[in-house]
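Below is a short briefing on selected strands, pairings and confidence values. The sequence and structure come first.

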Amino acid sequence: MCSSNCKIILTLLSLIFTVFVARASDIREEMPVDTLLNASCASSIAISYAPESTSIQVNNINGTDDNFYFKSGKDHMRLTLGASGRTSVNCSDITNVTIVESRTALCVEFTTCDGETASYDFAFVDPDNRSFTSYVGRRASDFGFTISKTGRVTWECVSQGLGIGWVDAVRENPETGTSMWRSYEFTWLMTLGVRMSWSRHHSLACGLGLHWQNFHTRKPWYFHKNPDGRISLEPYDEGVTNHRSRIQLFSLQVPFIYSLSFGHKERVYAKIGPIVCFNVGGNIMTEYDYEGREYSIKTGRIGQRPVTVDGIFSMGYGGIGVYVRYSPMSKMRTSSGLNFGSLSTGIVVAF
Amino acid sequence: MLTILVCGNASAQTGMHINNVLGGKYVSDPSVTEVIMSGEQKFVKAHGLSNLATFRGDSETYAPILQPLVLADGAKSIGRNVRYKDGKLQYAFFMLPVTIVNGKKTNRYLYYLNNPDGNKPSVMMIYFDGTLSRTDAEAVISKLSSLNEN
């Protein structure tokens with residue numbers, strides 16, 4: 001009798017233990033049903049379903065200024081209404097609004113102003129890999145951010161790198177006697193471009209920009225284009241005063257820039273990258289006074305190299321910084337008789 | 001490893017499910033790092049926080065424990081951003097309802113990140129509250145995440 005009782009007790013204990021373990025396991029495995037919104041009334045609801053994502057907005061919840069916002073994830077995390085295509089639902093003066101998220105679907109239910117109950121079930125295409133954002137507040141932008149550290153890439157149009165600097169010719173052959181103090185350049189690194197950011201700190205940008213360089217010679221010589229296309233440095237005639245001579249190059253540039261931001265609010269930045277320059281324009285201008293008259297002689301088609309590649313490095317804080325730019329390739333064709341690269345530095349505004 | 005710094009009461013945190021894993025319950029596990037801060041701590045004051053609690057541990061062991069707790073607390077949130085991967089919660093950010101503590105409106109945030117595939121598979125949970133805005137909360141999480149990775 002005693003043995004029988006013990007067996008019954010042991011069996012009961014075993015059952016209780018089994019149920020307890022199963023329950024504990026359920027807690028770990030099952031996702032709870034999540035009530036995203038439960039409101040007695042709202043001024044309107046708008047549901048916009050598209051294959052790429054689905055959004056829901058419920059305005060003036062319970063007569064307040066608060067709204068409800070929902071947006072599903074992209075790719076395989078989208079919702080479906082049982083068929084492909086687009087669906088739009090708009091309804092005013094609704095009551096008994098509930099929006100519930102379960103492991104497999106999002107269920108939207110409300111009563112229309114006519115007293116009819118409307119119910120929409122959006123099944124997740126891939127429930128195991130679903131994602132969504134929801135928020136109750138006045139503006140969706142109040143919760144419009146994601147801090148995901150994986151696979152989050154953002155694209156945006158940018159315009160940046162307006163700079164002015166000093167430039168000097170390097171590796172000259174023959175020597176041009178260029179004065180870095182008197183030679184200057186203007187650059188708009190990226191008049192319009194696209195930036196890809198994959199974290200708060202790192203980004204890549206590519207675009208189209210503009211670049212002007214003016215190489216002034218400091219010697220009492222002027223640049224001269226000879227009939228055979230070669231450019232030589234010639235001395236000024238006797239009696240010439242207030243003289244100056246320069247080579248100007250204009251380029252359309254395509255920069256590929258990597259940016260690293262760090263420090264307080266990521267305000268400190270460093271940028272580096274190559275720039276492909278399409279040297280579409282170039283001229284020589286020589287100005288001087290002679291016997292009380294001012295002369296200005298401009299010569300085009302100077303034989304600049306059509307494509308060169310520069311490298312740039314800049315760093316700064318907030319919207320302003322400094323840059324160094326180096327052009328290892330000769331700016332001029334071999335046939336011009338001039339061979340020089342450039343090194344420049346200056347101030348850049350990174351708006 | 002365990003680090004606990006307690007300098008005050010975590011009143012806005014009272015009643016939350018995540019408290020079940022905090023407070024040194026898993027201190028014997030060397031993979032666990034737990035930090036609780038409040039009061040006059042430099043980091044806490046610098047970021048406008050009242051309370052901060054982080055828990056980091058081995059993904060395989062602690063993700064099944066943390067996930068239901070985080071989801072239970074997140075169910076009451078006013079804002080949520082969640083992502084599942086292979087049926088498991090991979091990432092979650094919850095903006096919990098505002099509470100009044102000592103007459104001050106206190107914003108509360110809960111963050112969860114499970115990274116089971118990295119070199120060091122880990123799961124991390126961060127809770128914090130204070131007067132900080134949502135954008136400030138983003139910066140705090142970013143900073144704490146990078147600190148925890150090191």
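A:I312 has A:R325 in β18(A) as its bridge partner. The model is predicted: local features need pLDDT of at least 70, side-chain atom pairs count only at pLDDT 80 or more, and totals for chains, interfaces and linings use all residues. Residues are numbered from 1 along each chain as its sequence is written, and chains are lettered from A and ligands numbered from 1 in the order in which they are written.

- Strand β17 (residues 307–317) and β18(A) run antiparallel and are joined by seven bridges; two strands count as paired if DSSP finds at least two bridges between them.
- Helices (H or I, at least four residues) and strands (E, at least two) are DSSP runs, numbered from the N terminus.
- β17(A) and β18(A) form a hairpin with two residues between them, and A:G318 in the turn has a positive phi of about 65 degrees.
- On its other listed pairing, β18(A) meets strand β19 (residues 339–349) of chain A in the antiparallel sense over eight bridges, with A:Y323 opposite A:G346.
- In β18(A) (residues 320–327), A:G321, A:Y323, A:R325 and A:S327 make up the covered face, while A:I320, A:V322, A:V324 and A:Y326 make up the uncovered one.
- In a regular strand the side chains alternate between the two faces of the sheet.

**Fold and strand pairing in chain B**

- Chain B has three helices and six strands, in the sequence order β-α-β-α-β-β-β-β-α.
- Of its 150 residues, 45% are buried, that is, 20 or more other C-beta atoms lie within 10 Å of the residue's own, with C-beta atoms placed from the backbone (exposed is 12 or fewer, partly exposed in between).
- Strand β2 (residues 49–58) of chain B has nine of its 10 residues buried.
- β2(B) pairs antiparallel with strand β1 (residues 33–38) of chain B over six bridges, and B:M37 is bridged to B:L52.
- β2(B) also runs antiparallel to strand β6 (residues 122–130) of chain B, with nine bridges; there B:D58 has B:S122 as its partner.
- Among contacts in chain B between residues at least 6 apart in sequence, 61% join residues at least 24 apart; a contact has C-beta atoms, placed from the backbone, within 7 Å.

**Confidence**

- The model scores ipTM 0.83 and pTM 0.53.
- Chain B averages a pLDDT (the predictor's confidence in each residue, from 0 to 100) of 83, and 89% of the residues score at least 70.
- Residues 1–10 of chain B have pLDDT below 50, and this stretch has 26 contacts in the model beyond near neighbours in sequence.
- Where pLDDT is low, the predicted coordinates should not be read in detail.

Terms used
Contact = placed C-beta atoms within 7 Å.
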